[in-house]
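Please keep the sequence and the structure in view while reading.

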Amino acid sequence: MDVKTLVNNTKLYLFDMDGTLYLGDRLYDFTIELLSQIRRTGGKYLFMTNNSSKSVADYVKKLEKLGIAATREDFMTSSQATAFYLKQNHPGKTLYVCGTRSLVAELESEGFTVTTDLDKVECIVMGFDTELTFQKLHDVSYLLLTRPELPYIATNPDLVCPTEFGSVPDCGSVCIGIKNATGKEPVVIGKPSPLMPQLAMAKLGYKPEETAVVGDRIYTDVKSGINAGCTGVLVLSGESTLQTLAESDVKPHLVLESGAEILTELKKM
């Protein structure tokens, strides 16, 4: 596939954010015009992120600071997908959340009760916790070892989160630490699961063949698109490199230096 074919076939773009549209607090030069051109040419887009450390309201504020106008309806996050999964599989259960206050608020807004009273916990949720404490790791380990029947859910499998200086440990790395301590592995909700692209397509009424997932990680972004039957587009503006691509069993339908190449093609329409 080439960029022209991608643009001609795609009606819905599902964009990863950090490493794809911006890096940390630095917006890529092409991003605002790219989003504008997609809408100008009759397309739609959603921001689709595995990062559960921020609520949708937090992301709206972050994008506004970067100069991108956005509303709650423009997002599909791993927090939202986790809430959907919990409603389908563990409705009404009281949660212990190893995550940020934003993730707790997001789950509470979906009707869940979150507690730190370990005797009342009915389900464990792990997120990308930028407020992580040893007490939380202790509590999760205690719950998994003393009550192994508890459902154990992780919002995303990402090993690292990119920053302007490199990377920091993400939810997947913390889950590996918990596995080393307890032997337990969670059910993982975010990308590469097809659930987020599927929910996004259902929300806006598009088919897989009309949808492209664009991101900087093969093992989450691209794989989730492929798993959902969509076009998987890798951009080399974030975590992945040509070496990462060469070593990966999962191969994108298209590899681009950045989203600027999509913008160039859209401007020809």
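In this predicted model, the axes of helices α4 and α8 come within 10 Å and cross at roughly 90°. Angles from 65 to 115 degrees count as roughly perpendicular, and that makes α4 roughly perpendicular to α8. On the α4 side, the contact is made by Ser78, Ala81, Phe84 and Tyr85, and on the α8 side by Leu195, Met196 and Leu199. Sorted by class, the residues of this contact are 6 nonpolar, 1 polar and no charged.

Helix α4, which covers residues 78-89, also packs with helix α5, residues 101-109; their axes come within 10 Å and cross at roughly 40°. The two helices α4 and α5 are therefore oblique to each other. Their crossing is right-handed. Which residues make this contact? From α4 they are Ser79, Gln80, Ala83 and Leu86, and from α5 they are Leu103, Glu106 and Leu107. The contact of α4 with α5 has 4 nonpolar residues, 2 polar and 1 charged.

A further pair is formed by helix α6, residues 134-146, and α7, which pack at an angle of about 45° with their axes 10 Å apart. That angle makes α6 oblique to α7. The crossing of α6 and α7 is right-handed. In α6, the residues Leu137, Val140, Ser141, Leu144 and Leu145 meet Val174, Ile178, Ala181 and Thr182 in α7. By class, this contact of α6 with α7 holds 7 nonpolar and 2 polar residues, and no charged ones.

| Helix pair | Crossing angle | Axes |
|---|---|---|
| α4 and α8 | roughly 90° | within 10 Å |
| α4 and α5 | roughly 40° | within 10 Å |
| α6 and α7 | about 45° | 10 Å apart |

The next topic is the backbone. The peptide bond from Lys191 to Pro192 is cis, and its omega is near 20°. Where is Pro192 found? Pro192 sits in the loop between strand β11 (187-188) and helix α8 (195-204).

The last topic is empty space. Rolling a probe the size of a water molecule over the atoms shows where empty space is left. The largest pocket has a volume of about 310 Å³. It is lined by 26 residues, and Asp18, Asn51, Phe128, Cys161 and Pro162 are the closest to its centre. At least two lining residues come from each of α3 (56-66), β9 (160-163) and α9 (218-227). Which element gives the most to this lining? Strand β9 does, with 4 residues. By class, the lining of the largest pocket has 7 nonpolar, 9 polar and 10 charged residues.

The second largest pocket holds about 190 Å³ of space. Its lining includes Ala154, Asn156, Pro157 and Leu159, and also Lys184, Glu185, Pro186 and Val188. Among the other lining residues are Gly172, Cys175, Ile176 and Lys179. Helix α7, residues 171-182, gives the most to this lining, with 4 residues. The lining of the second largest pocket divides into 7 nonpolar, 2 polar and 3 charged residues.

How values were computed:
Residues numbered from 1 in each chain as written. Predicted model: local features only at pLDDT ≥ 70, side-chain atom pairs only at ≥ 80, totals over all residues. Heavy atoms only, no water. 1 Å grid on protein atoms, 1.4 Å probe; cavity = no way out; pocket = protein on both sides within 12 Å on 5 of 7 lines; lining within 4 Å. Points joined across faces, edges and corners; volume = space filled by probe spheres on them. Nonpolar A, V, L, I, M, F, W, Y, C, P; charged D, E, K, R; others polar. Axes fitted to C-alpha atoms, helices over the stretch in contact; angles between N-to-C directions. Parallel < 35°, antiparallel > 145°, perpendicular 65-115°, else oblique. Left-handed = near helix turned anticlockwise from the far one by under 90°. Contact = heavy atoms within 4.5 Å.
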